[in-house]
Amino acid sequence: MTATSPLKTLQTKIGGMDCGSCAKTVEAGLQKLPGITDINVVFATESLRLNYDPQQVSEKAIFDRIKTLGYTIEQTTAAIPPSEDSGCSHEHEHHHHHQHSTVEKTQKTNLTNWEFWIRNRRAQAVILAGLGLVLGLLTQHLALPIWLSRGFYGIGIIVAGFAIARAGLMELRLWRADMNLLMTISVIGAVILGDWFEGALVVFLFSLGTTLQTFTFSRTRNAIASLMDITPATATVKRDNNQEVTVRVEEIQVGEILTIRPGQKVALDGIVVSGNSAIDQSPITGESIPEDKQKGDRVFAGTLNQTGFLEVQVTHTANDTTVAKIVHLVESAQSSRAPTQQWVDKFAEIYTPIVIVSAIALTLIPPLIFAQPLDVWFYRSLVMLVIACPCALVISTPVSIVSAIGAATSQGILFKGGNGLETAGKLQSIAFDKTGTLTQGKPTVKKVYDLGELSANAVLLIGACLERRSEHPLAKAIVAQAEAEGIELETPESFTAYPGKGISGKFGNNLYFAGNRRLFADQNIALSASILSLLDDIEKLGQTPVLVSSNRGLLGIIALADGLRLEAGEAVHSLKQMGLKRLVMLTGDRTFVAAQIAEQLNLSEYKAELLPEDKLQEIQALRKFGTVGMVGDGINDAPALAAADISFAVGGIDIALETADVVLVGSDLRKLAYAVDLSRRTVSVIQQNVIFSIVTKALFLLLGTFGFVGLAVAVLADTGTSLIVTANGMRLFRSK
């Protein structure tokens, strides 16, 4: 028995799709090939993603099938393989797919309005069909021979109708019916009835509508593509005796040093090793204010260096940067099907065959049973076929999802897919993790208590000088506070570390200590009852005391606590204003610490001293009150994030991408309210689109069945509905 070969993934762009059902045609056509699984074709992004077994089917066969179906391959990095066995090199090229594709995509579709109508093949066909229609009408008006006007109409029908008919016949071979097939039947029917003008008009209007839709959509695609096309193709690195050389970004390895001058984009993720500068991180985080960077700070690919010269040590290669992950995430999010879309797709599958059977019945029953004229009812059934196509309904959801995901991405909010985007709009309650989510996750100095002998500044100076070499978070916070206050620091002549307790150091003849109570007990430095009482008070505020003393006695106390995020209060207030029923803080920290934070944030509900499994139970309890969201930093919150209906991760993109449904890249909690609001508006727009599509269909079906509207009006109604639905969905992209 032979072992099954590993599946390969193929990702590419498909050209020539002009409605939602085209994507279904491609999926159905590819499903007939052996060895292909997990096919996903998305009209909104013109993208195809599938897995295939190279022993059963080659990439060339897949591309050939797509071309046979009447569509084109808008290949990105990899060319179509010349022979069937070239899959290996091809797969390697696909690995870099997302880095180059956007560049080419932008060049391909960023045409001006006029260029689009002159250079696009569909647009050219529309113009020629329009010309045929005008010349046909003119010869008819001048009472020239009938064959002349029919010739012009025929040219229009063939030029614009060829692609429609080919796609329709492919559908028939797949035992499917889409708009192309229905339109082909209608035009042939009109010609059989001798109504050449109406046949030509139907083809012209349908082609014009689908081309307009492609044109409208391409503008949204361009806007999203330009969001992603933000990393430079080359960068300057130090190599060979510190010489600066400019190389392609793909050739740079982890650990190399990039040099970045003012006005240049950062090419790869890394850590600053020298220099100071402000960096505009808005493409990644959505934050409009540049962030100051110095040695040790992290920088992202695609961000813009503004003021200073930086040297950056590379931490991620080109296909592993934060922006590369974001691009990949956005592409897969746009191709994911939202619950409403899944419902619409199922509805369309049942609905279309019913319509075809109804049209046949409408042609045959009145003439056979009620002795009505056949040509009248045949014509009415053609009108019915055109009106009944669910094009607008099929496109109503994906256009809204793609636009909303594009808008969110530009604000530094990453939705993993349509499901999360719909769920966020239904939120009833939100649970917040405390540490690293509502708080900064790192201690800051809250107060320096002097005990009379020295000033507070002197206590801070001694503490900071002692803690200067320590890597402990409390030590770093004390040093940072002293530096922020402009205090000049000295290094002790000698120092001793006491792990878990503190540190001591010598300045001149004096020995100084900084640490917790245990250090002072070990050193036999007595603490008075009033000092012990003060320490208890500090701890009740949820703060950690660091005691500073000389060998003669205690000099002061530095109180530290995890600082609130600056925007946390504003974020909570915004969510309350949006009418969310319950906002709850969950933390493993002590109850009095939780109470302090909850009071500062004006949060009425909090649960403290929880283990990770307790957080999980709290989430499950909240679910009884409706849809629940969980906001965490993605590290120790994974079980609770997974249990929530929708999970939001703050910052920390690497872990967050694995665990959360929505990632707030820039850690700004205020974006939560924007995400919920955008989601509500998206759900609302989808509902508007679905209802509008169904109501318009029902109204025109009724009018068409009783002969009140003709074929041309039917096409206008169908195309017009699709365009209105598209424009309505695209409003979301411009939401700030």
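A salt bridge is a side-chain nitrogen of Lys or Arg within 4 Å of a carboxyl oxygen of Asp or Glu, and this structure holds 19 of them. The model is predicted, so to speak of local features a pLDDT of at least 70 is needed, side-chain atom pairs count only at pLDDT 80 or more, and totals for chains, interfaces and linings use all residues. Residues are numbered from 1 along each chain as its sequence is written, and side-chain values use heavy atoms, with hydrogens and water left out.

**View 1. Lys697 and Asp718 form a salt bridge.** Their closest N and O atoms are 2.8 Å apart. The pair links distant parts of the chain, 21 residues apart: Lys697 belongs to helix α26 (residues 671–705) and Asp718 to helix α27 (residues 711–730). Helices here are DSSP runs of H or I with at least four residues, strands are runs of E with at least two, and both are numbered from the N terminus. Lys697 is buried at 10% relative accessible area, and Asp718 is buried at 3%. (Buried means under 20% relative accessible area, exposed over 50%, and partly exposed in between, with a 1.4 Å probe and protein chains only.)

**View 2. Asp536 meets Arg517 in a salt bridge.** Here the closest N and O atoms lie 3.1 Å apart. Asp536 sits in helix α20 (residues 529–540) and Arg517 in helix α19 (residues 517–522), 19 residues apart. Asp536 is partly exposed at 36%, and Arg517 is partly exposed at 29%.

**View 3. Arg582 has two partners, Glu605 and Phe625.** With Glu605, Arg582 forms a salt bridge whose closest N and O atoms are 2.6 Å apart. That pair joins strand β22 (residues 582–586) to strand β23 (residues 605–607). Arg582 also lies over the face of Phe625, 4.4 Å from the ring centre. (A charge sits over a ring if NZ of Lys or CZ of Arg is within 6 Å of the ring centre and within 35 degrees of the ring normal.)

**View 4. Trp343, Phe347 and Tyr351 form a cluster linked by ring pairs.** Rings of Phe, Tyr and Trp (its six-membered ring) pair if their centres lie within 6.5 Å; planes under 30 degrees apart count as stacked, over 60 as edge-to-face and the rest as tilted. The count is 4 aromatic pairs. Trp343 and Phe347 are stacked because their centres are 5.5 Å apart and their planes at 15°. These two residues are 4 apart in helix α12 (residues 339–370), so about one helical turn separates them.
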